[in-house]
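Keep the structure open beside you as you read.

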Amino acid sequence: MDFGYFTLSDNRYPDNPRSSEDFLREILEQSIYAEEIGMHSVWVGEHHFNRRGCVSVPAVLLSNVAGRTTRVRLGPAVVVLPIHHPVHVAEEWAMLDQLSGGRVDFATGRGYDAHEYNPFGADFQLGAEMFTEGLDLLTRCWTETEPFSFKGQFYDVEDLEVHPKPAQRPFRPFMGSFSSFSMELAADLDWNLMLAPFAASMIFGGLDKAVAAYREICDRKSVAPRRIKSSYFIHIGDSQAEMDEARMRLVNYFSMAGMRKNTSQGGGGKLPPTMRYFADIGKKLVDPKVEDFDDNAILLGSPQKIINRLKAVEAMGVEEVILYFNFGLKPDALVREQMDQFMADIAPAFEGSHSRLTAAVAE
């Protein structure tokens, strides 16, 4: 199992003394630090207008990371495709893959907030349709070797030739998934899958059940399941005070930043038919309490407890876990301390890119 650094850059809290610009720079330096301590990847979410996070263009941040690192994988978590033109997305991430030496793990999803759609002129009610069509055009941009034309409901291009192409062959992205809808798309496109345990618990009844649902879809379609990655909030510390503080940070994340109350209505508007499942998430997060967050949301406790949970996740078939250390206004020094402790006390219990690095250094 591999381990990566993950952030959604939540910074929207009352009386927060940390500016979004300051946090952006913290995230950049933490991302570079992730390579220094042997982590496999860096994943940065896309959010706009500081509603759910303060990094609006992950590609720009990750290009800075690429220029100051040599090994760490680079992933957006995730590009909200319907608010971008797919051709531009294809060009941007293929270029980063080329310039980083083939280190991009591209990931995309359709998003869940109308307020992030509307200023870009994207129709939230048609998000699923735009997303599906956009994926088709995006894929063709990366794979067509001759000029091609595309005419759909939302996108119309003629005699198009896209360069550069991704450096990696094959270039297999990740599908960010909260639902069976996106799992179906991942299977159809032969893409990898990215899951969020707290959502998997609410929608499928658990991360294991979400993995099983994806495999059933692949079996029905007679295609091979691809790699599965999962995100997790994390805090290492087994005293009651530390655990209470971590859970309180998580409550604040869901209440004030992250997926706060009006998310259940798509940011204040009616949910489209293909996103009805999100209403269930919203109902459960209307008034979150510390006891609402268990192993399905956060890796919390002693190193051994976290190892035990990750062993169970590994047994489900999850090949990489990306770790959300800096949620809920954690100060930079604490984030780095937690990153250090994870790589020293938890990661060695697993075989992965970190163990190969350690062996190479020892030689």
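Start at Ser100, whose side chain reaches the backbone oxygen of Leu96 at 2.8 Å. That is a polar contact, meaning a pair of N or O atoms within 3.5 Å; within protein, one must be able to donate a hydrogen and the other to accept it, and residues adjacent in sequence count only if both atoms are side-chain atoms. Before we go on, please note that this is a predicted model, in which local features need pLDDT of at least 70 and side-chain atom pairs count only at pLDDT 80 or more, while totals for chains, interfaces and linings use all residues. Residues are numbered from 1 along each chain as its sequence is written, and side-chain values use heavy atoms, with hydrogens and water left out.

Ser100 sits in the loop between α3 (86-99) and β5 (107-109). Helices (H or I, at least four residues) and strands (E, at least two) are DSSP runs, numbered from the N terminus. Because its relative accessibility is 8%, Ser100 counts as buried; the cut-offs are under 20% relative accessible area for buried, over 50% for exposed, and partly exposed in between (1.4 Å probe, protein chains only). Setting aside neighbours within four places in sequence, Ser100 is in contact with Ala66 and Leu74, where contact means heavy atoms within 4.5 Å.

Now for the core. A nonpolar core is a set of buried Ala, Val, Leu, Ile, Met, Phe, Trp, Tyr and Cys residues joined through side-chain atoms within 4.5 Å. The largest one here has 127 residues, and those touching the most other members are Phe3, Met39, Trp93, Leu310, Leu323 and Phe342. Take Met39 as an example: leaving out neighbours within four places in sequence, its contacts include Phe3, Tyr5, Val72, Leu323, Phe325 and Met343.

What about the cysteines? Cys54 is buried at 16% relative accessibility, and Cys218 is buried with a relative accessible area of 1%. A disulfide is a covalent bond between the sulfur atoms of two cysteines. Taking a disulfide as a pair of cysteine sulfur atoms within 2.5 Å, the count comes to zero.

On a 1 Å grid over the protein atoms alone, a cavity is a set of points where a 1.4 Å probe fits but cannot get out, and a pocket is an open set with protein on both sides within 12 Å along at least five of seven lines; lining residues have an atom within 4 Å of a point. Grid points are joined across faces, edges and corners, and a volume is the space filled by probe spheres set on the points.

The structure holds two cavities of 30 Å³ or more, and the largest cavity has a volume of about 570 Å³. Of the 35 residues that line this largest cavity, Ala77, Val78, Tyr112, Gly176 and Phe178 are the closest to its centre. Strand β10 gives the most to that lining, with three residues.

Most residues other than glycine have a negative phi, and most peptide bonds are trans. The peptide bond from Ala77 to Val78, however, is cis, with omega near 5°, and Val78 lies in the loop between β3 (73-76) and β4 (79-80). The bond from Arg169 to Pro170 is also cis, with omega near 0°; Pro170 is in the loop between β7 (156-160) and β8.

Asp190 is not a glycine, yet has a positive phi of about 65°. Asp190 belongs to the loop between α6 (180-189) and β9 and is partly exposed, at 28% relative accessibility. Ser222, also not a glycine, has a positive phi of about 60°. Ser222 is found in the loop between α8 (207-221) and β10 and is exposed, at 68% relative accessibility.

We finish at Asn192, in strand β9. Asn192 is buried, with a relative accessible area of 5%, and its side chain reaches the backbone nitrogen of Arg227 at 3.1 Å. Beyond four places in sequence, Asn192 touches residues including Arg172, Phe174, Ala186 and Arg226.
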